[in-house]
Amino acid sequence: MEQLAVVKQVLENGMAQIAVERETACGAAHSCSDCAGCEKMMTNTHTVVVAFNDVQAGKGDVVKVRSENATFFKTAAIVYILPLVFAMAFYFVAVGMAMGEGLQVIMAFAGFAVGILGAVGWDRYMKKTNGLRFHIVEIKRACSGT
């Protein structure tokens, strides 16, 4: 996955702090800044992450950033699908145990909560191990004067 970002700070260890603009959540083929519909809902439209500065970009440069697709998609699947899978599994276990309809709903919510806890745990693990890695692969517009 490739995105454009702005280098906020160059770090001493060959890394750079970058600001990546969030993509539109609605998935439409437009920019949120054009319609301002999504933008009103978001207070922060940029995500700040640390990336490997493979091209020695400077502060202020607009760069192309690439993330590792396999790790990205695995994380997305865990965060978005795991809670639903647990909710359905807990619900069907409750149905199989011939619980009442109210308990089936409670079990589904409990499963969803377990899935959310799993997703949060995965997120913390990825942050601790720097599991989702970004690489600056190209300087699109040099604004740093280098």
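Buried here means under 20% relative accessible area, exposed over 50%, and partly exposed in between (1.4 Å probe, protein chains only). You're looking at a predicted model, where local features need pLDDT of at least 70, side-chain atom pairs count only at pLDDT 80 or more, and totals for chains, interfaces and linings use all residues. Residues are numbered from 1 along each chain as its sequence is written, and side-chain values use heavy atoms, with hydrogens and water left out.

Start by selecting 101–129, which is helix H3 (helices are DSSP runs of H or I, at least four residues; strands are runs of E, at least two; both are numbered from the N terminus). H3 has 29 residues and spans 42 Å from first C-alpha to last, close to the expected 42 Å (1.5 Å times one less than the number of residues).

Now show Gln104, Ala108, Gly111, Gly115, Ala119, Trp122 and Met126: these are buried in H3. An α-helix has 3.6 residues a turn, so residues three or four places apart point the same way.

Next, the largest nonpolar core: 12 residues, including Val20, Val49 and Phe134 (buried Ala, Val, Leu, Ile, Met, Phe, Trp, Tyr and Cys joined through side-chain atoms within 4.5 Å). Strands E1, E2, E3, E4 and E5 each supply at least two of its residues, with E2 giving the largest share, three.

Last stop: the whole structure has three aromatic pairs (Phe, Tyr or six-membered Trp ring centres within 6.5 Å; planes under 30 degrees apart are stacked, over 60 edge-to-face, the rest tilted). Zoom in on Tyr91 and Phe92: their ring centres are 5.2 Å apart with planes at 70°, so the pair is edge-to-face. Tyr91 is partly exposed at 31% relative accessible area, while Phe92, at 52%, counts as exposed.
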